[in-house]
Amino acid sequence: VLTDAYFGELLDVHAARLSKRPILNLDDARKEGALAYIGLPTLSYPDAAAKLAALVIGDLKASLPKSKTQWLIIFDEFSVFANPATLNVVNMGRTYGAAAVLATQSFADFLTTDSKAFLRQVVGSANTFVVHELTDPEDAELAAGLFGTTFVTQYTSQIVDSLLTGSASARGVYEFRVHPDQVKNLGLGEVIVLNKDKPGEVCHTLIKRADLRK
């Protein structure tokens with residue numbers, strides 16, 4: 001599929017050497033602190049994109065143990081990479097100085113089958129969650145569950161014929177630190193951040209658009 005595709009010649013290392021074209025080597029890129037971008041539109045090339053992703057994952061697995069310098073790996077549209085091999089790279093990264101960012105539109109993108117086992121593995125492996133607006137109720141519930149609950153005292157008053165009787169009660173209950181409705185109504189750039197190293201702290205902040213200049 002890949003060698004017969006219109007971009008197949010880009011994978012021909014021998015031809016690249018003969019024509020003196022530059023060759024991407026992840027080992028060298030990591031040593032040099034270079035930025036390597038590999039992208040293929042999944043909408044136009046769904047099969048080829050998944051196979052190219054598998055090649056990249058294989059190369060990353062081979063490159064990880066060779067160095068422990070800092071390395072940031074970003075997986076955009078993670079549904080293309082959602083498989084056990086990628087999760088293995090994420091887990092290996094901690095040992096070899098690499099941090100992985102799994103960017104997706106919904107928690108559903110982590111579901112590789114009807115089972116939720118892979119999603120649970122990803123959630124268990126991730127250290128920091130940056131949550132934007134999630135309009136799907138199940139997504140919002142899952143995010144709220146990640147942020148945890150807090151123990152509060154809930155007061156109730158008795159009303160008869162629209163008048164307070166003076167009777168009241170109090171009880172201890174657990175409430176979401178961040179309610180699912182808050183997750184569903186975040187504005188542009190608003191995020192809720194949770195770091196597992198500080199489980200009691202949930203940060204509600206604003207991410208500004210980066211101004212990139214040469």
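Is E77 buried, partly exposed or exposed? E77 is partly exposed, with a relative accessible area of 34%. The scale runs like this: buried means under 20% relative accessible area, exposed means over 50%, and partly exposed lies in between (1.4 Å probe, protein chains only).

This is a predicted model, in which local features need pLDDT of at least 70 and side-chain atom pairs count only at pLDDT 80 or more, while totals for chains, interfaces and linings use all residues. Residues are numbered from 1 along each chain as its sequence is written, and side-chain values use heavy atoms, with hydrogens and water left out.

E77 sits in the loop between β1 and α4. Its phi is positive, about 50°, although E77 is not a glycine. K20 also has a positive phi, about 60°, and is not a glycine. K20 is found in the loop between α1 and α2 (26–32). K20 counts as exposed, at 77% relative accessibility. Helices (H or I, at least four residues) and strands (E, at least two) are DSSP runs, numbered from the N terminus.

## The cores

A nonpolar core is a set of buried Ala, Val, Leu, Ile, Met, Phe, Trp, Tyr and Cys residues joined through side-chain atoms within 4.5 Å. The largest one has 33 residues, and L60, F147 and V183 touch the most other members. Elements that each supply at least two residues of this core include α3 (46–63), β1 (71–75), α4 (84–95) and β6 (190–195).

What does L60 contact, leaving aside its neighbours within four places in sequence? The partners of L60 are L26, W71, I73, F75 and V89. Contact here means heavy atoms within 4.5 Å. A second, separate core has six residues, among them L2, F7, A49 and L52.

## Aromatic pairs

Rings of Phe, Tyr and Trp (its six-membered ring) pair if their centres lie within 6.5 Å; planes under 30 degrees apart count as stacked, over 60 as edge-to-face and the rest as tilted. By this rule there are four aromatic pairs. F75 and F78 make an edge-to-face pair, because their ring centres are 6.2 Å apart and their planes stand at 80°. F75 counts as buried, at 2% relative accessibility. F78 is buried too, at 1%.

F151 and Y174 are also edge-to-face, with centres 5.1 Å apart and planes at 65°. This pair links distant parts of the chain: F151 is in strand β4 (residues 149–160) and Y174 in strand β5 (residues 163–176), 23 residues apart. Both F151 and Y174 are exposed. F75, F78, F81 and F110 form one aromatic cluster.

## Salt bridges

A salt bridge is a side-chain nitrogen of Lys or Arg within 4 Å of a carboxyl oxygen of Asp or Glu. The whole structure holds two.

| Pair | N to O distance |
|---|---|
| D27 and K66 | 3.0 Å |
| K184 and D181 | 3.4 Å |

The D27 and K66 bridge links distant parts of the chain, with D27 in helix α2 and K66 in the loop between α3 and β1, 39 residues apart. D27 is buried, with a relative accessible area of 18%, whereas K66 is exposed, at 59%.

K184 and D181 are three residues apart in helix α7 (residues 180–184), so about one helical turn separates them. K184 is partly exposed, with a relative accessible area of 26%. D181 is partly exposed as well, at 40%.
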